[in-house]
Amino acid sequence: MRFEEIPGLLALKEILVLSHQRNHMAHAQLFSGQEGGAALPLAIAYATYLLCENKASADACGSCSACQKMAKHIHPDVHYFFPSSKSEKEDGKQQTRVSEVWRKFIIEQPYAVLGDLISVLDTENKQNQISKEEAKKIVRTVSMKSFEGGLKILIIWYPEKMNSAAANAILKVLEEPPENTLYLMVTYHYEDLLTTIISRLQLVTIPSFSEGELTGYLVNNHGATAENAIKAYRFSNGSLPKAVADLEEDNEDELHWFIDWMRNCIGAKYDFLSQMSEKFKQISRAKQQIKMRWALEMIRNAILVKGAEDLISAQGAERVFILKFSNAINLQGLELIYKDISETLYYLERHAHPQMAQLALSIRLSHIIRANRG
Ligand SMILES: [Zn+2]
């Protein structure tokens with residue numbers, strides 16, 4: 001990852017480069033931004049720039065041996081720490097698997113959120129945190145010599161997921177690291193960090209993408225039309241993965257998915273509902289949320305239709321289904337469904353287990369529908 005690959009944020013990139021050129025770089029920095037924004041890619045691009053053996057004035061070269069290792073996340077002097085369900089008993093084999101999964105994950109989804117990693121590692125049912133054992137590993141890493149004789153960089157993703165025992169374990173090495181050690185912590189919930197940690201870090205606030213930055217990225221990298229890019233930006237709240245997911249979603253697919261779902265709920269077909277929730281788990285977090293938002297919009301329309309049919313703008317197959325669905329269920333039932341789907345969406349946004357959340361919702365909706373026939 002080079003600075004150039006990250007849309008916009010020119011002023012901030014320049015500040016990072018200048019801090020190195022003028023020798024003003026703080027040894028412990030806290031990149032704070034919104035989920036789905038550029039905080040992690042920027043930390044990686046910054047590390048790449050610092051380690052590059054052939055820097056241009058404003059970016060890494062992209063082709064030297066250090067840059068190539070950084071592109072694969074195998075540079076021996078860059079160490080990643082992130083929340084996981086690791087335990088003390090865990091063997092080396094399992095740790096290697098997690099590192100491999102991480103490398104692939106971060107190449108494919110550099111703008112991802114923690115929920116995406118949890119899905120990939122399949123650890124939704126476990127506590128995902130930076131444990132005290134992991135903190136001890138940070139301390140050991142700090143005391144090691146740099147492999148290539150230069151800077152050693154620790155990138156810590158979601159330090160807010162450190163419990164207080166873990167945070168206390170790293171305080172000393174955070175304050176007095178050996179020479180040539182750089183900490184880059186990447187946080188999205190600044191307020192959840194212990195003040196003892198915050199006070200030892202230099203805060204770097206990562207601004208959200210502007211409309212122009214994000215839409216330009218969607219047009220250049222995803223072939224979006226200007227109109228679709230603006231629509232995706234508005235939906236995304238500045239989150240790049242959400243904007244990309246919105247762009248990739250096809251409204252027709254959403255409609256079929258929703259119709260299937262509701263039919264299986266109406267018919268109480270639990271086998272099919274269970275299969276649907278399994279498939280739901282396979283898609284990205286951003287897409288799961290799009291499906292739920294789409295479902296909410298359909299239910300909202302079904303409620304509006306109760307007042308007057310001309311209140312909705314949906315056309316074609318979508319309109320036909322909304323009218324039928326609105327007819328089949330009474331107003332109270334539709335309102336209960338709306339409330340239940342919004343609550344599930346809320347939990348999905350906060351790392352709920354997608355398969356279980358969606359299946360439990362389906363079963364509840366099935367009951368609501370059958371108790372509230374129109
Ligand atoms: Zn290079």
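Select Gln-109 first: with 18 C-beta neighbours inside 10 Å, this residue counts as partly exposed, because 20 or more would be needed for buried and 12 or fewer for exposed. The model is a predicted one. Gln-109 sits in the loop that joins helix H4 (92–108) to helix H5 (114–121).

Now show the contacts of Gln-109. Setting aside neighbours within four places in sequence, they are Asp-116 and Pro-241. For a distance check, pick the C-alpha atoms of Gln-109 and Glu-191: 82 residues apart along the chain, they are separated by 25 Å.

Next, colour by domain. The domain assignment gives domain 1 as 3–208, domain 2 as 213–238 and domain 3 as 249–371. Between the C-alpha centres of domain 1 and domain 2 the distance is 28 Å. Where the two touch, five residues of domain 1 are in contact with five residues of domain 2. On the domain 1 side, the touching residues comprise four polar, one nonpolar and no charged.

Then select residues 211–222, which form helix H9. This helix has 12 residues, and from first C-alpha to last it reaches 16 Å, close to the 16 Å expected at 1.5 Å a residue. Within H9, highlight Glu-213, Leu-214, Thr-215, Tyr-217 and Leu-218, which are its buried residues.

Conventions. Residues numbered from 1 in each chain as written. Predicted model: local features only at pLDDT ≥ 70, side-chain atom pairs only at ≥ 80, totals over all residues. Helix = DSSP H or I, 4+ residues; strand = E, 2+ residues; numbered from the N terminus. Expected span 1.5 Å × (residues − 1). Domains from an automatic or database assignment. Contact = placed C-beta atoms within 7 Å. Nonpolar A, V, L, I, M, F, W, Y, C, P; charged D, E, K, R; others polar.
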